[in-house]
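Dear colleague,

Please find below the structure that I am handing over to you. My findings follow it.

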Amino acid sequence: MALAPNMPKAWRAETKPHKFCPGCGHGLILKALGECIDELGIQDRIVFGCDIGCSLLSWDFFNADAIQTHHGRTTPVLTGVKRARPDRICIAYMGDGGGYAIGSQHLVNAASRNEKVTVLLANNCNYGMTGGQMAPTTLPGMKTETSPYGRDVEATGNPTQGPEMVSAITPEGAYVARGTTANLRQLKKMIKKALETQLNGTGFSFVEALSACPTNWRTNAKDTWNFVEKEMTQYFKVGELKVPGEKEGK
Amino acid sequence: MADKPIKGEKRFFVTGNEVVAWAALAAGVDIMYGYPITPQNEVMHYWTRLAPKYGRKFLQTEDEISAGFTTCGGVFSGARAFTATAGPGNTLMQEPMSMAEMMRIPAVFVITQRGGPSTATVIYSQQEVTLTCFGGNGEGMRVVYSPGSHQELYDYTIKAFNTAWKYRFPTFVLGDGYQAKMRESLIMYDPEERGIQMEPTEMIVGKEGTPGVDREPAHLRNTYNTEEELNVVVNELVDAFWKAAPEIVEHQEFNCEDADIVIVAHGVVTRAAQAAVKELRAQGKKVGHFRPITLRPYPIEAMKTAIAKAKEIILVESAEGQLDKIVKAELYGSQIPITPYFRPGMGITAEEIIEFINKKG
C-alpha cells in the first residue's frame, strides 16, 4: 500500500482535497504555512484571515479559527483582532490584487505602524478568481483579460514590487521577504521567520510568495514552472529584504 | 489605575462627543478604532485622553474602511468595540457595516450626521438616515437609535452595546453635528448601579483550546457558492431580526390621544416638535407629536395607535424626505395625508414648525 504523503497536523482533513485548481500555488503556500504552525506549536493561538479572491477558499483549510473578510480588507480585520488580543497570532492571507491594489492603503499603513501581524501574499501576476484580469503584479507585455494585447507599462505602470515597498517603510524589527513556490523549503523558512517575528513582537512581518495560476495563464505544467522560475524571478527577486537583528542590504 | 470611570451619579455640562466617550467608558468598552472626520473628532479626543486611565485602548486607522474593519476584528476577538464617523466617512464605512450585518458582528457605530451629499458641510443634518438604516449591499438588518438629547446620547450609547451583544446585529447611535458639538447638562451614571447589566461579550474567534482537538474551529464565512445556500443564510438573518424587533423598538409620544395633527420627527428635531406642541396646545390647537427612537426597526405599531384619530401627519426633518420614505413604507395602506416640512441640511426651530402649522390653517 502506498503511503499517503505527510500533511501538516494543523490541516483540517475534512476539507481535503482542497478547492484550488490543479497546479495552483495556494496549496503549496498553505502547506508551508501549515508546517510552520506545527513546528512552532501555535495552532491553538492562530487567527487566520483570508481575503476575497482565490485566497478565500482557504477559510476552512486549517484546524484554526478563520475569518473570511472582504476584498482588500484582511489586513485591517486582523489588525483589529491583534490590537484587542495581542496574545493571538494573526495571519492575513491574500492575493496580489487584495494586497497591492484595493488593499494597498491598508498594507502600507499597517506596515508603517509596524502592526504585529503577519501578512502572507500570493503573487501570481493576475486576478485569479475573477477570471484572469491584469493585476498590479502583471509582468510587462503579459497578456491578461484586461490587457489582451499585453501589459503596456506606459499606460498601466510597472508591476508593483511589494516586499521592496514594505521593506522601505517598516522600521528595524520587521521581517520582509519574497519567496517562491518553486523553492518550498526556502519559502517555509521565510514564513517561519515571519511568524517568529510576530511571536517575538518585534514588528510587522510580510512574505510574498511567487505562485502559479495555470488556469488563467493557460499553461501546461512545464510552461507553468518555467513562468514562475524564469519569467517572474526576472522582475521579482527572491530573497530576504529585512530580517530583525540583521543589517539591511546584506 | 482608576477602576470605574463614573461612580454613583454625576451631573455634567459637556458636548455630545464627550458624552459618547464617557458613555463608552461606562459601558466597559475595551477599544475604539477611529479616523478623523468632523463633527465626530472629539469622541476620539476625549477617548484618547480618558481611555489609558482605565486600561482601554485606541487605534487611529488609515481611513474609515479600516476603522470599520478593525472594529469588526476587535469584536471577533471578544472585545466590546466601537467606532465613530460621519458623512463621507459613513459612506466609506458601509463596507464593513455590511460585513457586520452578514456575519452578525455586534459592533457599535456612532454617527454624527453632517450635511450631504458629498463633502457638503461639517455642521449638521439628518441626511444619513437612509444610509445608516439601509446602506450597504444588504437588507438593513441593523438597529438604529436616534437620540434627542445629551442624556439620551449617554443612555443609548450604553444601550447600543447591550443591544448589539444581545441580538448580534450591528447597532448604531445616529446623532448629528448639533448634538455632537453643543453643551448640555446630563446625569452620568455607572450602569450597574442603575441596575443595567452589561451583556457579556464572547470571543467569536480565539477561544481556548486547540481547534479540531478540543473544540471545533470557528470558520466564519461571508461568501457562498449557490443561490440556495445564500438564501438560507439571509432568511435566517431576516427572521432573527424581525423576531427581535418587538423587543427593540422604542418611541415617545406627546399629546397624540386627541390630536388632529401629529408631527412626526426624530433626533434633535423632536425637541422643536415637543416645544411646538406645547405652544400650539396653549393656542388651543389639537396637535401631538410622535417620535421614533429606533428608526430601524421602526416602531410602526405604536405609531399606528398614536395616529389612529389624527387627520394629518406633518413630517418634519432636516433632510429631503428620508424619514418620510420609511414612514410611508411602514404606513402602506393608510389613507392619512402626510404633509412634508423638509429642511435638508438645516436646523429646525419650534417657531418655524408653529408658523408652518398656523399658516396652513
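**Contact between the chains**

The side chains of Glu216(B) and Arg12(A) form a salt bridge, with 2.8 Å from N to O. Please note that this is a predicted model, and that the values in this message are computed from it. Between chain B and chain A the count of salt bridges is four.

The contact between the two chains involves 40 residues of chain B and 34 residues of chain A. Together, chain B and chain A bury about 2,900 Å², and carbon and sulfur atoms account for 54% of that area. On the side of chain B, Leu59(B), Glu62(B) and His219(B) provide 19% of the area buried against chain A, which is more than any other three residues provide.

**Domains of chain B**

Chain B consists of domain 1, covering 9–194, and domain 2, covering 251–360. A distance of 26 Å separates the C-alpha centres of these two domains of chain B. Their contact draws on 28 residues of domain 1 of chain B and 23 residues of domain 2 of chain B.

The two domains of chain B bury about 2,000 Å² between them, with 52% of this area given by carbon and sulfur atoms. Two salt bridges are counted between domain 1 and domain 2 of chain B. In chain B there is also a salt bridge between the side chains of Arg291(B) and Glu152(B), at 2.5 Å from N to O.

The largest pocket has a volume of about 400 Å³. Its lining comprises 17 residues, and those closest to the centre of the pocket are Ser98(B), Met102(B), Asn137(B), Asn222(B) and Leu230(B). Two elements of chain B, helix 4 (87–102) and helix 8 (227–248), each give two or more residues to this lining. Helix 4 of chain B supplies the largest share, with five residues.

The lining of the second largest pocket divides into nine nonpolar and seven charged residues, with no polar residues.

How many cavities of 30 Å³ or more does a search of the whole structure find? The search finds one. The space in this largest cavity is about 50 Å³.

The residues that line the largest cavity are Gly16(B), Asn17(B), Val20(B), Val110(B), Ile111(B), Thr112(B), Leu153(B), Gly175(B), Asp176(B), Gln179(B) and Ala180(B). Four elements of chain B give two or more residues each to the lining of the cavity: helix 1 (16–26), strand 5 (108–113), strand 7 (171–176) and helix 7 (177–181). The lining of the largest cavity is made up of five nonpolar residues, five polar residues and one charged residue.

With kind regards

Key. Residues numbered from 1 in each chain as written. Chains lettered and ligands numbered in written order. Predicted model: local features only at pLDDT ≥ 70, side-chain atom pairs only at ≥ 80, totals over all residues. Heavy atoms only, no water. 1 Å grid on protein atoms, 1.4 Å probe; cavity = no way out; pocket = protein on both sides within 12 Å on 5 of 7 lines; lining within 4 Å. Points joined across faces, edges and corners; volume = space filled by probe spheres on them. Nonpolar A, V, L, I, M, F, W, Y, C, P; charged D, E, K, R; others polar. Domains from an automatic or database assignment. Contact = heavy atoms within 4.5 Å. Buried area = accessible area lost by both parts, 1.4 Å probe.
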